Amino acid sequence: MVSTQSEGENHQLKNRGSRRKVPVHSALVQLGFLDYVQSLRQAGEIRLFPTLKKGKTPFADAAGKWYARLLKRVDIKDKALVLYGLRHTGVTRLANVGVNDKIRRVLVGHAGQDVHARIYNHGAPLPMLRDGLEQLQYPEVLQTLLGATQALKIKGQRDEAA
């Protein structure tokens, strides 16, 4: 689980609902995300992607460009995987596998518009969110990233030995 926080002068939350705890998908754990987070903490970093620079929009432009470079680097050419479309695709896939609306909304940070959602809905238990999130699967992308991660580790080991 990662807690979204507002820390530092360059960080701004979009709204109150943006501050939340969310589960980490097992695929990210498999790819080494928790080790990455730990290494950032040990280095004294407070941002998840400390090399991203804030542009005209709060980090969005830099994140989009970084993501495009990543896809190119690991040879993923699917035009449907553009960064701004991932939320839409994820919500659609979650709905298609039967994850209920409340869980989908909490996972992506959307608030319901009716009085029930705005006043009486206070999130969802983390195990419920995790179970919903785990329904989101991209096996081909995971295999590509695992292969690329392994290749980068081998390259890094060769560079260190040289």
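Analyst: What follows looks at a helix and then at a histidine in this predicted model.

User: How many residues does helix α4 have, and what span does it reach?

Analyst: A helix can be checked by setting its span against the one expected at 1.5 Å a residue. Helix α4, residues 83–96, has 14 residues and reaches 20 Å from its first C-alpha to its last, which is close to the expected 20 Å.

User: Which residues of α4 are buried, and which exposed residues does the face turned away from them carry?

Analyst: Burial is read from relative accessible area, with under 20% counted as buried and over 50% as exposed. In α4 the buried residues are G85, G90 and L94; because they cover an arc of only 165° around the axis, they lie on the same side of the helix. The face turned away from that buried side carries the exposed residues Y84, H88 and N96.

User: What covers the buried residues of α4, and which residue with a positive phi follows the helix?

Analyst: The cover includes α5 (101–108) and α7 (126–133). After α4 comes G98, whose phi is positive, near 95°.

User: Where is H25 placed, and is it buried or exposed?

Analyst: H25 sits in the loop between β2 (21–22) and α1 (26–30), and it is buried, since its relative accessible area is 12%, below the 20% cut-off.

User: Which backbone oxygens lie at 3.4 Å and at 2.7 Å from a polar atom of the H25 side chain?

Analyst: The backbone oxygen of L133 lies at 3.4 Å, and that of L136 at 2.7 Å. Leaving aside neighbours within four places in sequence, H25 is in contact with L133, E134, L136 and Q137.

Technical notes: Residues numbered from 1 in each chain as written. Predicted model: local features only at pLDDT ≥ 70, side-chain atom pairs only at ≥ 80, totals over all residues. Heavy atoms only, no water. Helix = DSSP H or I, 4+ residues; strand = E, 2+ residues; numbered from the N terminus. Buried < 20%, exposed > 50% of the residue type's maximum accessible area, 1.4 Å probe, protein only. Arc of directions from axis to C-beta. Contact = heavy atoms within 4.5 Å. Polar contact = N/O pair within 3.5 Å; in protein donor to acceptor, adjacent residues only side chain to side chain.
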